[in-house]
Amino acid sequence: MTPGEERQGLALEFTVERDPAAGIATFRPRGAISLWGMLELREALAAALRNGYARHLLDLSAVWHINAKSLGILVERRDRAREAGGQLVLVAPAGPLRELLTAAGTYATFVVAGTEAEGRALLAPAGVAAG
């Protein structure tokens, strides 16, 4: 996918933006994330990692539901990013999504930001201001 390309898969719509200068890939899914949708998002996250983007923002502000089985995939992608020297930051998980993450005991294991700007700041290398 090219920077800012909109992805309309069988199960999920999302956009991906890559910022080569910052080394950050931002993913913006919309709607409900089913297990099939999460598999599509997982592949996009994995492709970004293969292409040198280990720092990921996952903007969940437009997501109102996530399949409980999909939480394991989020944990796995977070771990792969960390192994590559990066991070997966969740942006704005709210309502039922935040409740599910909390009930599953996974909310506290993620880096969480209220906005994309806060997430970018969390992903900036030490001593470098986020742009």
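Biologist: Which average pLDDT does the protein chain have?

Modeller: This is a predicted model, and pLDDT is the predictor's confidence in each residue. The protein chain averages 87, and 87% of the residues score at least 70.

Biologist: Where does pLDDT stay under 50?

Modeller: That applies to residues 1-9, for which the model has 23 contacts beyond four places in sequence.

Biologist: Is Trp36 buried or exposed?

Modeller: A residue counts as exposed over 50% relative accessible area and as buried under 20%. Trp36 has 65% relative accessibility, so Trp36 is exposed. Trp36 lies in helix 1, which covers residues 35-50. Together with Leu35 and Leu39, Trp36 forms a nonpolar patch on the surface, with about 310 Å² of accessible area.

Biologist: Why does Asp59 count as buried?

Modeller: The relative accessibility of Asp59 is 9%, and therefore Asp59 counts as buried. Asp59 belongs to strand 4, made up of residues 55-59.

Biologist: Which residues does Asp59 touch, not counting those up to four places away in sequence?

Modeller: They are Phe27, Arg28, Pro29, Val91 and Glu116.

Biologist: What separates the C-alpha atoms of Asp59 and Gly119?

Modeller: Along the chain these two residues are 60 residues apart, while their C-alpha atoms are separated by 9.1 Å.

Conventions: Residues are numbered from 1 along each chain as its sequence is written. This is a predicted model: local features need pLDDT of at least 70, side-chain atom pairs count only at pLDDT 80 or more; totals for chains, interfaces and linings use all residues. Side-chain values use heavy atoms; hydrogens and water are left out. pLDDT is the predictor's confidence in each residue, from 0 to 100. Contact means heavy atoms within 4.5 Å. Patches are made of residues with over 30% relative accessible area and no salt bridge: like charges are joined within 9 Å, nonpolar side chains (Val, Leu, Ile, Met, Phe, Trp, Tyr) within 5 Å. Accessible areas come from the Shrake-Rupley method with a 1.4 Å probe; for residues, only the protein chains shown count as cover. A salt bridge is a side-chain nitrogen of Lys or Arg within 4 Å of a carboxyl oxygen of Asp or Glu. Helices (H or I, at least four residues) and strands (E, at least two) are DSSP runs, numbered from the N terminus. Buried means under 20% relative accessible area, exposed over 50%, partly exposed in between (1.4 Å probe, protein chains only).
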